[in-house]
Amino acid sequence: MSVIPSTCQNWSRVASRSFWFQCQRRNFHPTALIAKKTSTTDLSEKTLIGNPDPISNIRPVKYYVPANESPEDTEWRLWNERVDKLHQDFWSNNNRKFLKEKEEYVSKIKQEKGSVSAEDLSIFYKSFLNDSYSRHLNYNKTWIKENFKMLLPGLKALLRGKANQVMPYFKKSYA
């Protein structure tokens with residue numbers, strides 16, 4: 001009996017190595033096969049993550065809403081969406097302000113010196129960070145508070161989901 005498991009283990013190693021080498025020869029990654037199996041019809045039942053926003057560099061998230069969503073799950077999803085919006089708004093405004101001030105600074109330096117060096121940009125960046133310190137600090141405090149507030153709705157949703165998984169077993173055994 002000890003021969004069969006070792007033979008199976010060796011065969012699985014050979015098969016996986018063989019598959020890996022075939023993938024290398026064909027210049028594609030094994031996970032590409034998984035991506036090909038997923039059709040666009042399956043995407044309606046998943047949380048979707050989009051391409052990064054050009055200004056904020058934050059990826060938008062479209063959360064999946066099941067038809068039988070519990071109130072706990074709804075509360076947690078809405079809280080996530082609110083925190084994502086807070087995150088998106090802050091970084092959009094911050095990056096717009098940064099780009100605008102950088103453009104003004106670069107044009108001012110070009111008029112004075114003719115060209116902009118990396119040292120000039122580092123001076124601007126340090127002054128921008130110093131000026132926006134309180135704004136970043138307030139954002140971080142708000143973000144941390146919101147994440148801690150999300151723990152309770154998330155825990156409720158988790159426990160509700162676990163209860164729904166466990167309850168059928170109790171109904172079968174005690175009915």
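Here is a short tour, stop by stop.

This is a predicted model, so to read it: local features need pLDDT of at least 70, side-chain atom pairs count only at pLDDT 80 or more, and totals for chains, interfaces and linings use all residues. Residues are numbered from 1 along each chain as its sequence is written, and side-chain values use heavy atoms, with hydrogens and water left out.

**The whole chain**

Start with a cartoon view: you will find five helices and two strands, in the order α-α-β-β-α-α-α from the N terminus. These elements are DSSP runs numbered from the N terminus (helices: H or I, at least four residues; strands: E, at least two). Of the 175 residues, 16% are buried, where buried means under 20% relative accessible area, exposed over 50% and partly exposed in between (1.4 Å probe, protein chains only).

**Helix α5 and helix α3**

Next, select helix α5, residues 133-174, together with helix α3, residues 71-113. Which residue does Arg160 pair with in a salt bridge? Its partner is Glu72, with the closest N and O atoms 3.7 Å apart. Because Arg160 lies in helix α5 and Glu72 in helix α3, this pair ties together parts that are 88 residues apart in sequence. A salt bridge here is a side-chain nitrogen of Lys or Arg within 4 Å of a carboxyl oxygen of Asp or Glu.

Now pick Glu146 and Arg82, whose side chains form a salt bridge at 2.5 Å, N to O. Glu146 sits in helix α5 and Arg82 in helix α3, 64 residues apart. Is Glu146 buried or exposed? Glu146 is buried, at 11% relative accessible area, while Arg82 is partly exposed at 42%.

Move to Lys113 and Asp120, another salt bridge at 2.9 Å, N to O. Lys113 is exposed, with a relative accessible area of 55%, whereas Asp120 is buried at 6%. Then highlight Glu69, Arg77 and Glu81, which are linked in a network of salt bridges.

**The largest pocket**

Keep Glu81 selected: it is one of the residues lining the largest pocket.

**Last stop**

Finish on helix α5 with Phe148, which is exposed at 59% relative accessible area.

Conventions:
1 Å grid on protein atoms, 1.4 Å probe; cavity = no way out; pocket = protein on both sides within 12 Å on 5 of 7 lines; lining within 4 Å.
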